[in-house]
Amino acid sequence: MFDFYPNQKNRKDFVLKLTKEFPFIKKETIGKSLVNRDIEAFTIGNRNKRIIIAGGFHGSEFLTINVLYRFLWDLGCSCKNGTAVAGIKMKRYLQRRGVSVVPCVNPDGTEINLRGFSSAKEFCTQVESIGAPACGWQANARGVDINHNFPANWDIIHKREEKMGISSPSSTRYGGRTPASEPETTAIMNYCIKNNFLRGYAFHSQGREIYYTFGKSTPKDSPAIARLLSSASGYKLSTPPEIADGGGFKDWFIERFFMPGFTFEIGKGKNPLPVSDLDAEYNILLKTLCLIVIV
């Protein structure tokens with residue numbers, strides 16, 4: 001039921017079942033990808049005080065998408081039936097704090113990674129010419145890495161990319177010709193600006209690490225929250241490598257809203273992590289996901 005990727009039909013069937021089973025979960029399309037695929041958000045709980053959790057920024061990190069869909073289902077069950085999630089009755093907490101989940105920010109990249117370059121449709125020839133394999137593809141259908149495309153120290157990270165020889169569309173780490181050049185980037189940016197979320201969480205893979213800093217912009221309460229989430233998950237607190245320090249959703253969220261932002265690198269191994277890792281990784285994260293909503 002929960003192995004949505006690599007089976008696209010299962011994902012669509014699940015979304016239909018989710019919204020039917022839990023009509024109080026609000027589903028909305030917040031934008032379109034480059035190839036016109038829906039970028040969807042699901043909201044549960046108090047709509048006046050919300051956090052945002054997003055995944056699927058990179059095409060090969062589809063395990064994050066599965067984790068977030070599964071968490072939505074568990075929250076729905078808790079609200080409908082009063083059941084506990086990781087031993088916590090989430091229904092009462094969701095009356096105080098809401099959560100909006102964007103399971104897949106980069107649907108085109110995910111489809112390329114799973115089903116090949118033909119998924120890029122009119123951009124198929126362009127992505128094929130890059131010369132990288134479809135399996136492991138991180139970028140969108142234009143060869144832009146969404147998590148390098150946010151306007152947060154974009155100029156700095158762009159220079160770092162060029163020093164590494166990345167100056168044109170690529171399967172990974174090319175931040176685009178300008179910041180926020182991609183529809184996937186602007187979709188989630190506009191959604192955040194519209195809703196004034198209290199905190200922002202980005203889910204990536206892999207490494208079992210948590211990033212929470214962005215230079216002098218790091219909010220004062222971020223370290224304490226990060227330590228709590230690290231203790232609950234067993235993930236280590238860390239800083240991203242230099243080539244990934246800037247241009248990301250977490251960085252932009254912190255700088256734009258002066259609110260805590262976090263990146264979770266889930267799982268261990270080499271991307272794409274197999275769907276067979278889902279159960280174990282979800283169980284490791286479940287209490288932490290609940291705390292993300294509560295604290």
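In this predicted model, helix α2, which covers residues 62–81, packs against helix α10, residues 278–294, at an angle of about 55 degrees and with the two axes 10 Å apart; the axes are lines fitted to C-alpha atoms, for helices over the stretch in contact, and angles run from 0 to 180 degrees between N-to-C directions. That angle makes α2 oblique to α10, because angles under 35 degrees count as roughly parallel, those over 145 as roughly antiparallel, those from 65 to 115 as roughly perpendicular, and the rest as oblique. From the α2 side, Leu 63, Asn 66, Val 67, Arg 70, Phe 71 and Asp 74 meet residues of α10 that include Tyr 282, Leu 286 and Val 293, where contact means heavy atoms within 4.5 Å. Sorted by class, this contact of α2 with α10 has 10 nonpolar, 1 polar and 3 charged residues; Ala, Val, Leu, Ile, Met, Phe, Trp, Tyr, Cys and Pro count as nonpolar, Asp, Glu, Lys and Arg as charged, and the others, Gly among them, as polar.

Residues are numbered from 1 along each chain as its sequence is written, and side-chain values use heavy atoms, with hydrogens and water left out. Local features need pLDDT of at least 70 and side-chain atom pairs count only at pLDDT 80 or more, whereas totals for chains, interfaces and linings use all residues.

For the protein as a whole, the secondary structure comes to 10 helices and 10 strands, both being DSSP runs numbered from the N terminus (helices H or I with at least four residues, strands E with at least two). The C-alpha trace spans about 50 × 45 × 35 Å along its principal axes. The radius of gyration is 18 Å, which agrees with the value near 19 Å that a compact globule of 295 residues would have; this radius is taken over C-alpha atoms, and the globule rule is 2.2 Å times the number of residues to the power 0.38. Of the 295 residues, 58% count as buried, a term that means under 20% relative accessible area, with exposed over 50% and partly exposed in between (1.4 Å probe, protein chains only). Among contacts with a separation of 6 or more, 78% come from residues 24 or more positions apart.

Two loop residues illustrate burial. His 148 lies between α5 (124–129) and α6 (154–163), and it counts as buried because its relative accessibility is 5%; leaving out residues up to four places away in sequence, His 148 touches residues including Trp 154, Arg 173, Tyr 174 and Ile 243. Ser 119, in the loop between α4 (107–115) and α5, is likewise buried, at 9% relative accessibility. Beyond its neighbours within four places in sequence, Ser 119 is in contact with Val 35, Arg 37, Glu 111 and Ile 112.

The peptide bond from Ser 205 to Gln 206 is cis, with omega near 15 degrees, and Gln 206 lies in the loop between β7 (200–205) and β8 (209–211). The bond from Asn 271 to Pro 272 is also cis, with omega near 0 degrees, and Pro 272 sits in the loop between β10 (261–266) and α10.

Positive phi values in residues other than glycine occur at Asn 36, near 75 degrees, and at Ala 86, near 55 degrees.
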